[in-house]
Amino acid sequence: MSVADKVRSPCVSICALNEDDVCTGCHRSGDEITRWTRMDNAERRDVLRRVAEREKKFLIHG
């Protein structure tokens, strides 16, 4: 697999975990951030789905 085929990190270089252990920049959990480089593409896509749900909740509830 080439680098171009890898699912890219959602990191936006705003690295700060909130009280729920979720990054306020990319909306990944601390564990997801730590494990990202060891995940395969399927696992990364699962994380991105969870990130999308967290982003929706964040936009609604701030």
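Which residues line the largest pocket? I put this to the model, which is a predicted one.

**Entry 1: the pocket**

I found that the lining of the largest pocket consists of Asn18, Glu19, Asp20, Val22, Cys23, Thr24, His27, Arg54, Lys57 and Phe58.

I then looked up the salt bridges and recorded 5 of them in the structure. In one, Glu32 pairs with Arg50, and their closest N and O atoms are 3.0 Å apart. Glu32 belongs to helix α1 (residues 30–35) and Arg50 to helix α2 (residues 41–61), so this pair ties together parts that lie 18 residues apart in sequence.

I also recorded a salt bridge between Arg54 and Glu32, with 2.7 Å between the closest N and O atoms. This pair, too, links distant parts of the chain, as Arg54 is in helix α2 and Glu32 in helix α1, 22 residues apart. Arg54 is also one of the residues that line the largest pocket.

Glu32 is buried, at a relative accessible area of 4%. Arg50 is partly exposed at 36%, and Arg54 is partly exposed at 23%.

**Entry 2: a salt bridge within one helix**

I next examined Arg49 and Asp46, whose side chains meet in a salt bridge of 2.4 Å, N to O. Both lie in helix α2, 3 residues apart, so about one helical turn separates them. Asp46 is partly exposed, with a relative accessible area of 33%. Finally, I noted that salt bridges with shared partners join Glu32, Arg50 and Arg54 into one network.

Key: Residues numbered from 1 in each chain as written. Predicted model: local features only at pLDDT ≥ 70, side-chain atom pairs only at ≥ 80, totals over all residues. Heavy atoms only, no water. 1 Å grid on protein atoms, 1.4 Å probe; cavity = no way out; pocket = protein on both sides within 12 Å on 5 of 7 lines; lining within 4 Å. Salt bridge = Lys/Arg side-chain N within 4 Å of Asp/Glu carboxyl O. Helix = DSSP H or I, 4+ residues; strand = E, 2+ residues; numbered from the N terminus. Buried < 20%, exposed > 50% of the residue type's maximum accessible area, 1.4 Å probe, protein only.
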